[in-house]
Amino acid sequence: MPPKSIAEELASKQKAISIGEFFERNRQILGFDNPSRALLTAVKEAVDNSIDSCEEARILPEVLVEISKVTEERLKVVVEDNGPGIVRKQIANVFGRLLYGSRFHSNRQARGQQGIGISAAVLYAGLTTATPAHIVSKIEEDPAANVVDLFLDTQKNLARVVKEDVLAWDRPHGTRIELVLKARYQRGRQSPFEYLKGTAIVNPHARLVFVEPDGTRTTWERATPDLPALAKEIPPHPHGLELGELDQMLRRSSSKTLQLFLSTDLSGISRRGISDVLQKGEFTGRENPSAFSPERVERLLAALKDTPMATPSAECLSPIGPMLIKRGLKNVLGSLRPEFYSPPVSRPPKVHAGCPFIVEVGLVYGGDLPSDQPVQLLRFANRVPLLFQQGACAITQTVADMDWHRYGLEQKSGAIPVGPVVLLVHVASTKVPFTSEAKEAVAHTDDITREIELAVQTAARNMKLHLSRRTRRDQAMEKFTIIQKILPRMAQKASGIVDKPVPDLTRVITRIMDVVAVEAKGSGEDPAKPSPRTSLTLTNYTSRIRPIELFLELPLESVKEGFSAEPAPETVSQELGRVTFPLQKLTPNAKVTYTLTWPKGEEMEAEDVDIFVAGVDEAHLLGADPLPGDWDVRLPAALVEAAENAEIAAARPTPAEGDEEVDYDATEKKESFADEE
Amino acid sequence: MPPKRKSPLPTKSKVPALPTSDRAILQPTLDLAQQIYDQLYKGDIPRMKLPLRTKQNIQFSSREGVWRLGNQSGIRSARKLDGALMLLRTFWLVDFIEEMARDGKHSTLRELYYISEQWEEAKFHSENESNLLVEDLEVLCERMREDFRLRPEENGASVIGDLTLTEVNRKGQKKKINCRDDVGDGGYQLPANVEKEKITFSSHGAKFVLAIECGGMVDRLAENGFDEDQNALLVHLKGQPARSTRRFLKRLNEELKLPVVVFTDGDPWSFRIFASVAYGAIKTAHISHYLATPGAEFLGVTASDIENYKLPSDTLSDRDIQALKAELTDPRFNTEEWKSEIELMLQNGKKAEQQSLAKYGLNYVTETYLPEKLTEMGVL
């Protein structure tokens, strides 16, 4: 027998590696590399699927997550949703096959994409505990639910169904999956709890219930009854195409001519663009796309890339939107009683590598948040919390690279700033560039980083503005305390000692205040909380008659039908959210109160009102800003996109009067100079 | 009998007259009331002038050999909340003192802090605030807080050694006590009042006074019989010494002509303990002439002791370094000796406790360290 050649011998050993086997050996790629992380990944994949399927079916998601202990090393994970359910013959494919899914080929924003996640969890469960995944799913049309127990066969990448049954289920539709896996339960930064909390913030339309192994039950109620608009599927944008992708598209296209292909199979090309592409690539437009040579494909791609095109439509995206970001944050963080919610920032859509993306940012300040800890950064991609790889993430790097001192936070250079702040950053895209397949960190790309930076800067400026307003408000409060409480008592005591009647204090009060003060208050029990009416009281605590004009900038949604003000405004601009009032003459110690009534159902915080006063210089104005000189030509801050690099006016210094003398009560005896008993 | 209703606004005509001595003591506060009233009447913002009790405003008095308040002053004004509150509190405090005077009562500083609960918006936010206001009143009236019927908590600093003194006890009886033979292991406890009407010195067999920072070291010296062997009077400072401890040291020094030697840990805070004993503390600079012992000398632990005796040491913390740097701008430490001492400590970056001498055994401090140091200083 002739000896086998080495090549032949090797050939006998060469065989395809199944996808399942590959992932079995490379668990870390999918996020199953250790027991606590495996648990989080399993929960995350199941919940992402649940919410995605609910949204597609236009159902308000209700998801129950229950984790219980089986043995010391094994946990049972149950995720149940009220989604549309899965038809019987697809259950095995959805849960028992890697790379099987409906969203991979669709060009729109979704949580899951590759169809790996949940089947990888089934695979992991089977590998670590030899227990099949138990799936119950019911579609509305069927009278009963289907029950399937299955393993994932790694060699064939197919489900191995071990049991099939039907079950009477008391809900109209939904899916329940139970997995037993080797896992460890923990709370803390990278835990199912944090993941669900984050999910609740960015999915305020979902109701989430979480039961922990010790029986603790947490419910995140829904903060809005409105489902997010369903992202539309759009054809790929030419600027994001790769050679192979274009080649495939051409081959599969049902378009008979290149001209037709360009106008229907791709998005963003105008008629003018099509003729440009044809001209640049030296095509006639009548070529049959399915018979393109590699050389032609390359020529076409070059021509496409070389032609300027409209940015891809953002209809394929589903941003959370400023109002819901605020509601989501309030819903989940409300118990910390933050003193300030920055107006959330939703940037206009931009494009990275042919894929549209949107960056959104929310910021919460103060309350019970710890002021000596780094800012809590909540990172999200396509409404999914990112819990791992914080350091490697473009979001983290962008935040750390900013100079936070100018916004009033402490920061070691290049580190996350320190302060009582929760910062939410959401990147939504049809294709978020991640650093790895486990989708834990957004990769650094100039386009996205720039947008994150702009959005965070806007939120940070709002925070800074709030802080300087707070400082001014505190100074105002201090003066009011002096004139309303301390001074009258002091006069009473001094007069009592010298046995004379209490003198009139008006002049002293005017001297101490020496400002026109604007006090904004809500009409509710707590004047600082949102309320249906807001009152602004202007008091002239100066010794001169002051001609005063009041100008307001209000949130746009508040100046619609139903808004009114008393005394009547001179002008109301619904487009700009601006209200102006006629001139008033305020004699010393006189006051005037303006009452703003918000449209029915709207509640505003006194702080939502930006107050400007003409007729009083900055040094003699308290609780408002002097009317800027460019008021007429400038857009309101809420509408200003271009204000990005504007410097925040530094907090106004206190009046310099009395500076030449030493303030006795501010001298160093107040410091702890440990020099006495 | 219905409880005596305290009018919030006692007018002179309705309440019994203040004892004459108390009236005289509080006269400056009546002048202050008149001043504030006049300012209010004229429409001016109420304000008063007070000498600053800061390290920039202490001056060496060569006549008394101690550091006293300088001429700089600051303005307490109702323009600011802190100033307005302190002005108002001054009147509340005067009310309270007058009430005590009429009732023949006294209160502790801590009770004063709690009394202020009745002062509405003017109540103290911390005991530090109330203590500062009492000191302000001392400065304003040029009196001591005891004159205002206010006394500190019993501090209980102790004395061990051959000193016989006569104390007038609570029952008004004179009691002769020898601070070595008539007391337990804890020694003789100093009362808050150490003035002549309370304590007189009868006799003693001491050659010098050793003022010691830590209780553990006092116990060590007592157990080793250091007081008897070396004829030393041991006084426990208990960290920053209370006024009564400092006053007692001054009386021992002035009346019995005993040299006072201060023995502390070797760290920046101990330097300040010594300064308040020998030079006068900043916060009580207005009464330094009454509390400070100009002749007191610093024994150690010095920065060079840490090196010379190879004592176990700790690294200076950031706060320690800050304190040392502050001392370099403190006029009381503005001598060649202190500057080099502070700079040496900064340079070595080390501090040590007095009890670290136990590295060489329990007897080392009494048999070697103290005799060596005291001989060097010329005390032994």
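Helices H1(B) and H4(B) are roughly perpendicular to each other, a class that covers angles of 65 to 115 degrees, with under 35 counted as roughly parallel, over 145 as roughly antiparallel and the rest as oblique. The axes of H1(B), residues 20-42, and H4(B), residues 127-141, come within 8 Å and cross at roughly 95°. Axes here are lines fitted to C-alpha atoms, for helices over the stretch in contact, and angles run from 0 to 180 degrees between N-to-C directions. Helices (H or I, at least four residues) and strands (E, at least two) are DSSP runs, numbered from the N terminus.

The model is predicted: local features need pLDDT of at least 70, side-chain atom pairs count only at pLDDT 80 or more, and totals for chains, interfaces and linings use all residues. Residues are numbered from 1 along each chain as its sequence is written, chains are lettered from A and ligands numbered from 1 in the order in which they are written, and side-chain values use heavy atoms, with hydrogens and water left out.

On the H1(B) side, the helix contact (heavy atoms within 4.5 Å) is made by Ile25(B), Pro28(B), Thr29(B) and Leu32(B), and on the H4(B) side by Leu137(B), Leu140(B) and Cys141(B). By class, these residues are six nonpolar, one polar and no charged. Ala, Val, Leu, Ile, Met, Phe, Trp, Tyr, Cys and Pro count as nonpolar, Asp, Glu, Lys and Arg as charged, and the others, Gly among them, as polar.

Between the chains, 41 residues from chain A and 64 residues from chain B take part in the contact. The buried area is about 4800 Å², with 60% from carbon and sulfur atoms; this is the accessible area (1.4 Å probe) that two parts lose on being put together, summed over both. There are 10 residue pairs in polar contact between chain A and chain B, both residues at pLDDT 80 or more. A polar contact is a pair of N or O atoms within 3.5 Å; within protein, one must be able to donate a hydrogen and the other to accept it, and residues adjacent in sequence count only if both atoms are side-chain atoms. On chain A, H14 (446-498) and H15 (506-513) each supply at least two residues of the side that touches chain B. H14(A) gives the most, with 16 residues.

A salt bridge is a side-chain nitrogen of Lys or Arg within 4 Å of a carboxyl oxygen of Asp or Glu. Two of them are tabulated.

| Salt bridge | Closest N and O atoms |
|---|---|
| Arg511(A) with Asp44(B) | 2.8 Å |
| Glu440(A) with Arg37(A) | 1.8 Å |

Glu440(A), in the loop between S15 (421-429) and H14 of chain A, and Arg37(A), in H4 (residues 35-56) of chain A, are 403 residues apart.

The backbone has a cis peptide bond from Glu566(A) to Pro567(A), with omega near -5°. Another cis bond joins Gly300(B) and Val301(B), with omega about 15°.
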